[in-house]
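Please look over the model shown below before reading on.

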Amino acid sequence: MTPKKKVLLVEDHAVTRVGVKHVVNASNDFEVVGEAEHSSQISNLLLETKPDFVLLDLRIPGENVLNMVKDWKKDHPQLKVVTLTMLDEQPIVHSAIEAGVDGYLLKSDDLSSLTKNLNEIAAGKTVYSKNLKLSFNRKPQDGKVANKKEKQILTLLGHGKTYQEIGTEIGLSKRTVEYHVGRLKDRFNAKTVAELIGRAKEQMLI
């Protein structure tokens, strides 16, 4: 039997913590091995419990936890950091991506999908809340590229560049490039990068 993946739960609201812990522990794949209510507790718990995941509320008392993510991942290279937060503002999401989170989930999501999302992240995917995408696309989209950076990304995708190569060339992290490509797919109603490139070419954007 495969051992369950270990989760460190960082959440200062007791009721939320109990609910999330119940969902995680009821799964066949994950278990909560530690709980933190303050940012000052996290580093010690990482050493003590050696978790595979940190499930992270961004509004925890203490220091800004996004400033700590890079250090956690440097000290624990296999660690996956996943937000579980109410914050869906674009600047915060971008900051989280730049910090290196492996997933951005919202508390407004259906909790029953939590472990499915964690399994996808464990498999190497970066997962964003579907509700987050909706919050970013309240205005109708006409398929046009919004800014110069997105056009650069589309052009380099059309040249066959990888996300890592694109990020290096235009000064973004790989995760940020992935995020922009995801938003472009939504805007162009494309399921794959090939579809995205095809539709951008149809509109003479690249």
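How many cavities of 30 Å³ or more are there by this rule? The count comes to two cavities of 30 Å³ or more, where a cavity is a set of points, on a 1 Å grid over the protein atoms alone, at which a 1.4 Å probe fits but cannot get out. This is a predicted model, in which local features need pLDDT of at least 70 and side-chain atom pairs count only at pLDDT 80 or more, while totals for chains, interfaces and linings use all residues. Residues are numbered from 1 along each chain as its sequence is written, and side-chain values use heavy atoms, with hydrogens and water left out.

**Largest cavity**

- The largest cavity has a volume of about 60 Å³, a volume being the space filled by probe spheres set on the grid points, which are joined across faces, edges and corners.
- Its lining, meaning residues with an atom within 4 Å of a point, includes Leu84, Leu105, Lys107, Asp109 and Asp110.
- Strand 5 (103-106) and helix 5 (114-122) are the elements that give two or more residues to the lining of the largest cavity; helices (H or I, at least four residues) and strands (E, at least two) are DSSP runs, numbered from the N terminus.

**Second largest cavity**

- The second largest cavity has a volume of about 30 Å³, and among the residues that line it are Leu9, Glu11, Thr16, Asp57 and Leu84.
- At least two lining residues of the second largest cavity come from each of strand 1 (5-10), helix 1 (14-25) and strand 3 (53-56).

**Arg17**

- Arg17 has its place in helix 1 and is buried, with a relative accessible area of 11%, where buried means under 20% relative accessible area (1.4 Å probe, protein chains only).
- Leaving aside neighbours within four places in sequence, Arg17 is in contact (heavy atoms within 4.5 Å) with Leu9, Glu11, Asp12, Glu35 and Glu37.

**Domains and annotation**

- The protein is divided into domain 1 (5-128) and domain 2 (148-203), with bounds that come from an automatic or database domain assignment.
- The C-alpha centres of domain 1 and domain 2 lie 27 Å apart, and 11 residues of domain 1 are in contact with six residues of domain 2.
- The unreviewed UniProt entry carries the annotation "domain: Response regulatory" for residues 6-122, although such annotations may be inferred rather than shown by experiment.
- Over residues 6-122 the chain is 39% helix and 22% strand, and the end C-alpha atoms are 11 Å apart.

Key. On a 1 Å grid over the protein atoms alone, a cavity is a set of points where a 1.4 Å probe fits but cannot get out, and a pocket is an open set with protein on both sides within 12 Å along at least five of seven lines; lining residues have an atom within 4 Å of a point. Buried means under 20% relative accessible area, exposed over 50%, partly exposed in between (1.4 Å probe, protein chains only).
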